[in-house]
Structure formats: C-alpha cells, structure tokens
Amino acid sequence: MNFRILMLLTMTAVILNSCSLDGGEAPIVNYQILPVVEVELPQVFTFGQIHSIPVIFEYTNSCQQFAGFEVSSDLNERVVTVVAAVTNLDCVEELVTTQQELRFLAASNGTYVFKFFTGLDSNNEPTYLEYIIPVEE
C-alpha cells in the first residue's frame, strides 16, 4: 500500500514539474530537406558489415540544424535525403558545408543502388547523385 502512495506522489510531482505556465515564447521548429553536395562511398560493400558513409551537404542559414537522414528503400535501392530542423529564431544567411555519417548495413547480396537528393531541376523534378555498389562476401 505504501508503494502505491509513493508512486502516486512521484507521478504527481513529475507531472507538475513538467508543465510550464510562464507563457514563454518557444521556438517553432519546421523541417527542410537539404541538398547533398558529395558522398564518399566505398567501391564495394562487405556482406553483413555496417559501413559509415560520409555525406556532405550545406546549411543555407544559421537556423538549420541536422535532424537526420530520411532513407526510403525499394528492394536494394535506397533514396537518401538530408533533413534539417529549422527554428524561427533570428537567422543569418550563410552557406556552411558540413558532413554527417550515414550508417548502412549490407544485409543482402547483389548490388545496392544509392540515390542522394541534390535538389530540383528547372522542371521541379528531383535530381540525385546515383551510385551502384556491389556486395561481396
């Protein structure tokens, strides 16, 4: 019985401490896709191993921060985009090249096709850096 009372008091304290009633202005976060500039892929993948793939991209202002990779797959094809979190704080326009590591497990034989989003062409169609990488045992 004492354990239940202690748990109830603990949960109440956590809930009350996590609520903020100060009316402060919290930044709004949106997400953007950033174009990839360069990718450093190996000549071959080794089956069953995790590979670190350096992906180089550019921030266009000081409000962008790396949020992760979006990877869509269809059999052995991977389409990779860089996602940035963007806040509504005072932004400074600046072009900053940076790099993040994409970790990839070569889990099947054959070849993988990687397409890294680089932007939109004049017809608003997506463009990609495309690589075909074989897998060896």
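Tutor: C63 and C91 form a disulfide, with 1.8 Å between their sulfur atoms, where a disulfide is taken to be a pair of cysteine sulfur atoms within 2.5 Å. The model is a predicted one, in which local features need pLDDT of at least 70 and side-chain atom pairs count only at pLDDT 80 or more, whereas totals for chains, interfaces and linings use all residues. Residues are numbered from 1 along each chain as its sequence is written, and side-chain values use heavy atoms, with hydrogens and water left out.

A search of the whole structure finds one disulfide, and the link of C63 and C91 is left-handed, with -110° about the S-S bond. The pair links distant parts of the chain, 28 residues apart: C63 belongs to the loop between β4 and β5, and C91 to the loop between β6 (77-87) and β7. Strands here are DSSP runs of E with at least two residues, and helices are runs of H or I with at least four, both numbered from the N terminus. C63 is buried, its relative accessible area being 6%, while C91 at 38% relative accessibility counts as partly exposed.

Turning to the strands, β2, β4 and β7 form an open sheet in the order β2-β4-β7, with antiparallel pairing; two strands pair if DSSP finds at least two bridges between them. Because β2 (36-39) and β7 (93-105) stand at the edges, each with a single partner strand, one side of each is left without a neighbour in the sheet. Neighbouring strands of this sheet are turned by 20° against each other on average, direction ignored, the axes being lines fitted to C-alpha atoms, for helices over the stretch in contact, with angles that run from 0 to 180 degrees between N-to-C directions. Strand β4 (residues 50-61) is joined to β7 by 11 bridges, and the two run antiparallel; I50 stands opposite L105 in β7.

Within strand β7 lies V96, which counts as partly exposed at 34% relative accessibility. V96 and E58 are 38 residues apart in sequence, yet their C-alpha atoms are 5.3 Å apart in space. Not counting residues up to four places away in sequence, V96 touches F57, E58 and Y59, contact meaning heavy atoms within 4.5 Å.

Strand β5 (residues 64-74) holds F69, which is partly exposed with a relative accessible area of 23%. F69 and L102 are 33 residues apart along the chain, and 7.5 Å separates their C-alpha atoms. With neighbours within four places in sequence left aside, the contacts of F69 are V55, V80, T81, V82, Q100, E101 and L102.

As for the chain as a whole, the protein chain has one helix and nine strands, and along the sequence they follow the pattern α-β-β-β-β-β-β-β-β-β. Of contacts in the protein chain between residues at least 6 apart in sequence, 64% join residues at least 24 apart. Buried residues make up 26% of the 137 residues in the protein chain.

Note on methods. Buried < 20%, exposed > 50% of the residue type's maximum accessible area, 1.4 Å probe, protein only.
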